[in-house]
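Here is a protein model to look through, with a few questions about how its parts get their labels.

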Amino acid sequence: MRILITGGDGFCGWPTALYLSRKGHDIAILDNQIRRDWDRELGIASLTPIASMDERVHEWQKYAKGAFEAYHVDMRDYDALAHAVAQFVPDAIVHFAEQRSAPYSMIDREHAVFTQTNNIVGTLNLLYIMKEVVPDCHLIKLGTMGEYGTPNIDIEEGYLTIEYKGRQDTLPYPKQPPSMYHLSKVHDSHNIMFSCRAWNLRATDLNQGVVYGVQTDETRMHPLLSNRFDYDQIFGTALNRFCVEAAASHPLTVYGAGGQTRGFINLQDTVRCIEIAALNPASRGEFRVFNQFTEEFSVAALAQRVQRVSADLGIQAEILHLQNPRVEAEQHYYHAAHTKLLELGLTPHLLSDQTIREMIESARMHKEEIQLDTIMPTVTWS
Ligand code: NAD
Ligand code: USQ
């Protein structure tokens with residue numbers, strides 16, 4: 001297949017590009033490298049050294065089985081994006097290219113407006129280009145489990161069948177997103193759903209949970225192929241942060257009571273889920289939703305697990321319950337369906353002590369580079 005990966009220089013996009021390339025697909029990554037600008041803006045950095053986009057692409061071209069190209073394009077630039085799509089003519093477009101941090105979107109009005117403009121306009125441009133240029137192409141869009149929020153009933157995969165005043169219908173599952181970033185994903189979903197209905201496009205919205213892990217088989221093949229490892233308060237996510245905190249002998253930062261429960265997925269499973277979606281495209285006119293996570297954990301349970309594995313490594317990790325910088329339920333019901341990717345062949349890599357140990361040890365190798373002053377949360381929702 002010919003697969004265009006937007007956001008292909010990012011944490012999920014880069015390993016996905018390498019994995020699919022190694023499977024023999026023709027790949028083009030498209031990215032404006034704005035994520036690297038945000039590092040400079042915020043004074044943060046990946047814990048693992050990462051090569052420039054051109055350097056890593058050049059290195060991978062030595063291993064790629066098919067075409068492996070790169071486009072330096074901003075998704076908001078309609079003409080440049082249209083040109084790239086028309087030139088590459090993809091069978092599938094995997095769309096990762098968005099501002100994906102909830103705290104970044106909550107810094108202030110400017111960052112909220114930027115996040116929603118960047119994400120919604122980029123996706124909207126892509127939908128119009130697909131309509132005009134590649135109407136049969138399959139859009140594989142990265143959504144988020146956060147679109148659903150934490151309702152007091154089971155979460156289904158995209159749709160809910162309800163009975164109301166004696167009538168029944170299957171409707172989009174209600175959305176209660178917890179940040180300006182998560183809201184941008186909801187707006188995207190609505191735009192994509194409408195485009196499938198109005199223009200007969202085909203799309204899969206992958207409502208992904210929190211991703212953990214850093215490297216994959218492919219990113220380990222050469223230091224220039226290394227993936228980024230975020231641990232700061234803005235771009236670091238729960239489990240990865242806890243592992244770096246343990247390695248740095250910094251207390252594990254549980255926000256509030258820690259009963260916040262989320263779906264989690266190993267990065268190795270992320271890349272496989274994308275492959276599964278690409279090999280099993282949605283039908284023309286179909287807006288399909290898969291919940292892309294493999295296990296549910298509360299943040300307190302994850303912190304305790306990291307604490308236990310740390311002890312085996314001779315590290316006495318302390319768990320600190322901070323005043324929660326976010327507005328979110330700290331104890332709640334959470335049970336979300338996630339069977340569709342399993343039915344299509346996903347064999348999950350469930351969280352193991354070994355994985356946690358490897359992340360702590362990897363962080364320990366870069367202990368001197370850990371910027372301790374970027375760990376504690378300063379961005380608040382209120
Ligand atoms: P990331 O920030 O590491 O990568 C995103 C990439 O998109 C970056 O390289 C960035 O430069 C690029 N980008 C952003 N805006 C762009 C634009 N306007 N034009 C061109 N390129 C642009 O993020 P990630 O962790 O790889 O996440 C990728 C996607 O997966 C996001 O859409 C995110 O919402 C979703 N997701 C991520 C997680 C997670 O835990 N990391 C979980 C669920 C969903
Ligand atoms: N949390 C802590 N301590 C920390 C960091 C986070 O307790 O040090 C808590 C948060 O309060 C939250 C939960 O852990 O309750 C998850 O936070 P996170 O920062 O790990 O993840 P989140 O903000 O939800 O965002 C991440 C990605 C985003 C993706 C989302 C999937 O950055 O792109 O959409 O995970 S989901 O959570 O399913 O919405």
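Q: Which residues have the most contacts inside the largest nonpolar core?
A: This is a predicted model. Its largest nonpolar core has 93 residues. Ile-5, Ile-140, Phe-242, Cys-243 and Val-306 have the most contacts inside that core.

Q: What makes Ala-102, Tyr-181, Leu-183 and Val-186 part of a separate core?
A: They belong to a second core of six residues. A core joins buried nonpolar residues through C-beta atoms within 7 Å.

Q: What is Ile-140 in contact with, leaving aside neighbours within four places in sequence?
A: Its partners are Ala-92, Ile-93, Val-94, His-95, Thr-204, Leu-206, Ile-274, Ala-277 and Ala-278. Each pair counts as a contact because the C-beta atoms lie within 7 Å.

Q: Why is Phe-194 called partly exposed?
A: Phe-194 has 13 C-beta neighbours inside 10 Å. Buried needs 20 or more, and exposed means 12 or fewer. The value falls in between, so Phe-194 is partly exposed.

Q: Where is Phe-194 found?
A: Phe-194 sits in helix α7, residues 180-199. Its C-alpha atom is 9.6 Å from that of Gly-285, 91 residues apart along the chain.

Q: Which element gives the most to the shell around ligand 2?
A: β10 does, with three residues. α8 (238-247), β10 (252-255) and β11 (261-266) each supply at least two.

Q: How do the residues of that shell around ligand 2 divide?
A: Seven are nonpolar, eight polar and five charged. Among the 20 residues there, Thr-144, Met-145, Gly-146, Thr-237 and Gln-260 come nearest.

Notes:
Residues are numbered from 1 along each chain as its sequence is written. Chains are lettered from A and ligands numbered from 1 in the order in which they are written. This is a predicted model: local features need pLDDT of at least 70, side-chain atom pairs count only at pLDDT 80 or more; totals for chains, interfaces and linings use all residues. Helices (H or I, at least four residues) and strands (E, at least two) are DSSP runs, numbered from the N terminus. A residue is near a molecule or strand if its C-beta atom, placed from the backbone, lies within 6 Å of it. Ala, Val, Leu, Ile, Met, Phe, Trp, Tyr, Cys and Pro count as nonpolar, Asp, Glu, Lys and Arg as charged, and the others, Gly among them, as polar. Two residues are in contact if their C-beta atoms, placed from the backbone, lie within 7 Å.
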